[in-house]
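Work through the exercises below with the model open. Each task is followed by a stepwise solution.

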Amino acid sequence: MSVAVDDAGLTVTGPGDVPLLVSFDGAYVWSTTPARDGVRLRQGRAQVAWPPVLASFLDGRTRLRVAQADGTVLYDAEVALGAGEGRISVVDGQGHPLSVDKVGHLARAFADTSATVREEILTGTARALEDLREEAGVEAYLNYGALLGAIRDGRMLAHDSDTDLCYLSFHRDPVDVIRESYRVERVMRDRGWDVLRMSGGDFKILLPLSDGRLCHIDVFVAFHTAGRFFQLGNRSGQLDRSSILPVAPVWLHGHEFPGPADPEAMLRFVYGPRWRTPDPSFRYADPPAGIRRLDGWLRGFRTDMPAWTAHHQERAGQSETPSEFGQAVAALLAPDALVVDLGAGRGRDALHFARRGHDVRAYDFSRPALAQVRRQARRAGLTITAERLLLDELRFVAATGAQLARSAPELYSRQLLGCLTPHARGHLWRLARMATSEGGTFHLEYAATGPGRLPAAGPADSPDLVSRLDPDLVVREITASGGVVDDQQLLATGEDPRVARLQVRWPRAVRVVPDREETTHVRAQ
């Protein structure tokens, strides 16, 4: 097998059925199996493109090494990529090395983690397991990469970047499984954990580490139903309850953790029969029918979250001017108006409203985006309340709408509508109706459909994140929710060749009480 390297990626000649590890200047960056990940070319060659998350780093020079998992070196040379100026350095904002993890994200691998921080991860994982078992009362156990490392050699996998926990639910109905997961989340929050809900059956515990990063401890539900075993994320098939319970001790870096009763049976279920063979480029091959069921039962409303997270993280620290629409709306507002920016992103318009003296609340579903809003507001000496809002989840919508209803705010959103499913748009109209029940207007702009060929509405690197919408459809949805469109403009701006701008209000419903005498008279008849 031989390897060639260029700006497009790796070109591999030969079988390509073994994992290849790619390093820059001695630091592990990525792994791939060409026969699976590449595009077949003539003469027994395959081309594997660079992962998209590495694109912004591939400009400069580096000593690039490609080796098999057994250490056999296939390529080792100084290369120039992009303009070829300076050294390529795949690191985070604090200078810590990053690598591409098993789901295609950039993360800190355990191989680049100090012994001190590793101990923090192990201790935090043990504490989370104890709280899950003792306080939440669920049968939690170590699983996935952490279990694999424990059983193979008692150590974390060098190329892994988080720890994974599961618990076996005794419920069989997915509705009860979801209710239990939310109950467990509430218990963990009460125990002081920072928790991020991912689906109806899993959440992340965000463990702060002394090196400045957050370690993600995933908490997945597992359950039996319809004659099959399901375990988030995405595993399904046959595994007896006796292979899981009662839990049995496993050891990781000298720490004891509860593991499945038969850890080898669990690892065969998760990784297949070759689980003992190291494969940093491993990818799950889950049954499509099982994925469809899990999506239908437990998921479906956060599929774009990783893409938006990457989008905002890649633009961290970039200075942005307010949008044309934000400036136009700001000129219409009363000086003392409370402004609520829905889908605020990194806050380019929320900051503009705050600079003009408004009280501002910024809502978004991306944590990195909200973190940047808070950071920029602090640096500018501004006060902005930045909070999470998941418009696909009614519990978020109802709570936020009730809070805003007390304040009669001016609602604002730009390019939010095209990011939402029809279900989530319905929740947005519900929130707007609640929030403006005592007055206030919803000012919104979105990328609209129209005649001729129009460019994608989303960002250039992620065009699928935002869709264009039919203006007639949007008006019908608003009207059906009880809203009144006071003004609609279809126009071209310097940012988009066709947008719709609307001013919408939801008149307060007036309840008519029949006259007492008239009512009595009617009844008498």
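**Exercise 1. Determine the hand of the crossing of α2 and α4, then its geometry and contact residues.**

Solution. 
- Step 1. The crossing of α2 and α4 is right-handed. A crossing is left-handed if the near helix is turned anticlockwise from the far one by less than a right angle, and right-handed if clockwise.
- Step 2. Helix α2 covers residues 115–135 and helix α4 covers residues 174–190. Their axes come within 10 Å and cross at roughly 120°. Axes are lines fitted to C-alpha atoms, for helices over the stretch in contact, and angles run from 0 to 180 degrees between N-to-C directions.
- Step 3. That angle makes α2 oblique to α4. Angles under 35 degrees count as roughly parallel, over 145 as roughly antiparallel, 65 to 115 as roughly perpendicular and the rest as oblique.
- Step 4. On the α2 side, the contact holds A128, D131, L132 and E135. They meet V184, V187 and M188 in α4. Contact means heavy atoms within 4.5 Å.
- Step 5. The contact of α2 with α4 has 5 nonpolar, no polar and 2 charged residues. Ala, Val, Leu, Ile, Met, Phe, Trp, Tyr, Cys and Pro count as nonpolar, Asp, Glu, Lys and Arg as charged, and the others, Gly among them, as polar.

Ground rules for every exercise: this is a predicted model, where local features need pLDDT of at least 70, side-chain atom pairs count only at pLDDT 80 or more, and totals for chains, interfaces and linings use all residues. Residues are numbered from 1 along each chain as its sequence is written, and side-chain values use heavy atoms, with hydrogens and water left out. Helices (H or I, at least four residues) and strands (E, at least two) are DSSP runs, numbered from the N terminus.

**Exercise 2. Describe the packing of α3 and α5, and the backbone of Y144.**

Solution. 
- Step 1. The axes of α3 (residues 144–153) and α5 (residues 263–271) come within 11 Å. They cross at roughly 130°, which means α3 is oblique to α5.
- Step 2. The crossing of α3 and α5 is left-handed.
- Step 3. From α3, the contact takes Y144, G145, L147, L148 and I151. From α5 come P263, M266, L267, V270 and Y271.
- Step 4. By class, the contact of α3 with α5 has 9 nonpolar residues, 1 polar and no charged.
- Step 5. Y144 lies in helix α3. Its phi is near 55°, a positive value in a residue other than glycine.

**Exercise 3. Which residues join α7 to α10, and at what angle do the axes cross?**

Solution. 
- Step 1. Helix α7 (residues 305–314) and helix α10 (residues 367–380) have axes that come within 8 Å and cross at roughly 30°.
- Step 2. α7 and α10 are therefore roughly parallel to each other.
- Step 3. T309, H312 and Q313 of α7 touch P368, A369 and Q372 of α10.
- Step 4. The contact of α7 with α10 counts 2 nonpolar, 4 polar and no charged residues.

**Exercise 4. Give the strand order of the two open sheets.**

Solution. 
- Step 1. Two strands pair if DSSP finds at least two bridges between them.
- Step 2. β1 (2–6) and β5 (39–40) each have a single partner strand, so one side of each is left without a neighbour in the sheet.
- Step 3. β2 (residues 9–13) and β6 (residues 45–49) pair antiparallel over 5 bridges. L10 stands opposite V48 in β6.
- Step 4. Another sheet has 7 strands in the order β22-β21-β20-β23-β24-β26-β25, with mixed pairing. Its edge strands are β22 (384–388) and β25 (484–491).
- Step 5. The twist in the 7-strand sheet averages 15° from one strand to the next.
- Step 6. β20 (residues 338–342) and β23 (residues 410–414) run parallel, joined by 3 bridges. V339 stands opposite E410 in β23.
- Step 7. Helix α11 (residues 394–404) packs on this sheet, touching β20, β21 (359–364) and β22. The direction of α11 makes about 175° with that of β21.
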